[in-house]
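Colleague: I'm new to reading protein models, and I'd like to learn by pointing at features. Could you take me through one?

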Amino acid sequence: MSRRLRLLVTTVGLAALAWLLLASIERAIALAERFEGLPQGVRWLVGGVLLLLVSLGAAVTVWWLRPRRPRAPVTAPDRTSLEARIAQLRHDDAGVEELRSELTELDRRRASARTYLAVFGEISTGKSSLIAAMVPGAAPASDARGGTTREVTHYETSAWGDGWTIADVPGSAEAGGEARERLARAEALRAHAVVYVCAGDLTRSQAEELRWLGDFGKPLVLAVNKADQWTDIERDQILQHVREQADGIPDAVLAISAGGEERFTRRLADGSTEDVTRRRPAQWQPLRDALRRLLAAGPSALEAQRENAVLASLHERTGERERAYRADEAERIVSRYARRAIVGAMAAVAPGSDLVIQGALAASMVRALASLHDVRVTDVEVDNLLRQVRMTLRTGTSVVLAVAGNALKAFPGLGTLGGGVLHAFAYALIFDSFGRALAATLAERQALDQADAGERMRELLNEVDASRLRRLADLTGEALRLRHEPSD
Ligand SMILES: Nc1nc2c(ncn2[C@@H]2O[C@H](COP(=O)(O)OP(=O)(O)OP(=O)(O)O)[C@@H](O)[C@H]2O)c(=O)[nH]1
Ligand SMILES: [Mg+2]
């Protein structure tokens, strides 16, 4: 824009502003005069409404401008308690072995006194290319197709300081790459510091990933890669926008060019062509400086944060294992009690009588499931729960017997097992539904929530699909055939 044009635009703009100001002053005076002319009562009313609006505006402004509380960093439980929990899990489970080896790796890295850095980010953002630029001699596979890196690889270098180990990890957000993303995340947590690579504005999932990393409080650099594709002005604008998006989470936000490779076809003097692969020049000086600054204190100074991140992730993974272990164990408990209920039914129930849940058996199942979930239950709570179950059964007897009747029709072999089979199956269904409902409530709420368990039980009694019908028929048949042998 020429200087004269700029001057003209500015003058017109200022004149418009002055006119607006004058118009609003005039309007305000007119309103004030009308206000003066109003009867006393209406004046008080209008004044009160105005005051209310102004106070509301002030309150909203104060709320908007209030200093934001920084997010609390993730805190992990202490190592001893985690070790004790892992020791309680089943020993032959491969997942448990993985948890143990995470602790061994934690110690190994501490003893190595090396600085661990993870280069993390979504697929195709240029992580492997960055490592190729950072580590002399490293040549990790890099390709325009996303999902090139499939596993975690470590590259060692002493080129810019003491011993550094840099991890190239699979990219996140790959369709169907959830398992690889888990590997990448675990490695990011094992490192002393993380470089989060993106290649432009942050998407919503990238912003979330960055927040997740930031919550561990370890040194974190956001590297906006592929800056060679932009003009200087574009780069500054992108960087400015990414800084706003990053919301102060990373310790530094900077633009780099990892380089990467470009492929093209060259025509030779003799008319033939050849495919050429050429490395683009890399430019990552700002990243090197930022890392040097952030990691100057050395690995031992960053070990506490690293350990916290690893233990936090172990806490989560151990929790998953515990839930899986409890689910298996609950299933075993429910089957065991359902079997006993089936046998008990054959011994005690006269055909045609009402379904009455065997109290002592049901109470022991409640206690066994509660103890599995570390939930304390009192006798009163157990009694109340059983009272509710009895009421549910009283209204649901016809449904239960109809399902049992269907089972007898679907699996004629059951009918050969004796007169009380209908009731035996009915009790299998009752104990299975009650046990599963209770286990689900205990697992989810860590408490004996009577209403929730009751609701779940009603659903389970009413929705018996073909596979559950078969399983319960098998359980009934098996229990009845083995009924004279001692049960476990
Ligand atoms: N223009 C340009 N392209 C780049 C740059 N860095 C990487 N690339 C290209 O981006 C593509 C992906 O690079 P990779 O290094 O394989 O990316 P990655 O993040 O390791 O990808 P995954 O392993 O799939 O997660 C390749 O085609 C690279 O050549 C850069 O600085 N500029
Ligand atoms: Mg890669």
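Modeller: Let's start with Ala173, which at 44% relative accessibility counts as partly exposed. Buried means under 20% relative accessible area, exposed means over 50%, and partly exposed is in between, using a 1.4 Å probe on protein chains only. Before we go on, this is a predicted model: local features need pLDDT of at least 70, side-chain atom pairs count only at pLDDT 80 or more, and totals for chains, interfaces and linings use all residues. Residues are numbered from 1 along each chain as its sequence is written, chains are lettered from A and ligands numbered from 1 in the order in which they are written, and side-chain values use heavy atoms, with hydrogens and water left out.

Colleague: Where is Ala173 found, and what is its phi near?

Modeller: Here's the general idea: most residues other than glycine have a negative phi. Ala173 has a positive phi, near 65 degrees, without being a glycine. It is found in the loop between strand S3 and helix H6 (178-190). Helices are DSSP runs of H or I with at least four residues, strands are runs of E with at least two, and both are numbered from the N terminus.

Colleague: Can we zoom out? How many helices and strands does the protein have?

Modeller: There are 15 helices and eight strands. The protein's radius of gyration is 35 Å, well over the 23 Å that the rule gives for 488 residues, so the protein is more spread out than a compact globule. Along the principal axes, its C-alpha atoms fill a box of roughly 105 × 95 × 55 Å. Of the 488 residues, 40% are buried. Among contacts between residues at least 6 apart in sequence, 72% join residues at least 24 apart.

Colleague: Why is helix H5 called largely enclosed?

Modeller: Count its buried residues. Seven of the eight residues of H5 (residues 127-134) are buried, so H5 is largely enclosed by the rest of the structure. The buried ones are Lys127, Ser128, Ser129, Leu130, Ile131, Ala132 and Met134. Among what covers them are strand S1 (115-121), strand S4 (193-198) and helix H9 (285-294).

Colleague: At what angle do the axes of H3 and H4 cross?

Modeller: Axes are lines fitted to C-alpha atoms, for helices over the stretch in contact, and angles run from 0 to 180 degrees between N-to-C directions. Angles under 35 degrees count as roughly parallel, over 145 as roughly antiparallel, 65 to 115 as roughly perpendicular and the rest as oblique. The axes of H3 (residues 79-88) and H4 (residues 94-112) come within 10 Å and cross at roughly 150 degrees. That makes H3 roughly antiparallel to H4. The contact is made by Arg79, Glu83 and Ile86 of H3 with residues of H4 including Val96, Leu99 and Arg110.

Colleague: How does H13 pack against H15?

Modeller: H13 (residues 421-445) and H15 (residues 466-481) pack at about 120 degrees, with their axes 10 Å apart. That makes H13 oblique to H15. Among the residues meeting there are Phe425 and Leu429 in H13 and Leu469 and Leu472 in H15.

Colleague: What about H13 and H14?

Modeller: H13 and H14 (residues 450-462) pack at about 140 degrees, with axes 8 Å apart. H13 is therefore oblique to H14.

Terms used
Contact = heavy atoms within 4.5 Å. Rg over C-alpha atoms; globule rule 2.2 N^0.38 Å.
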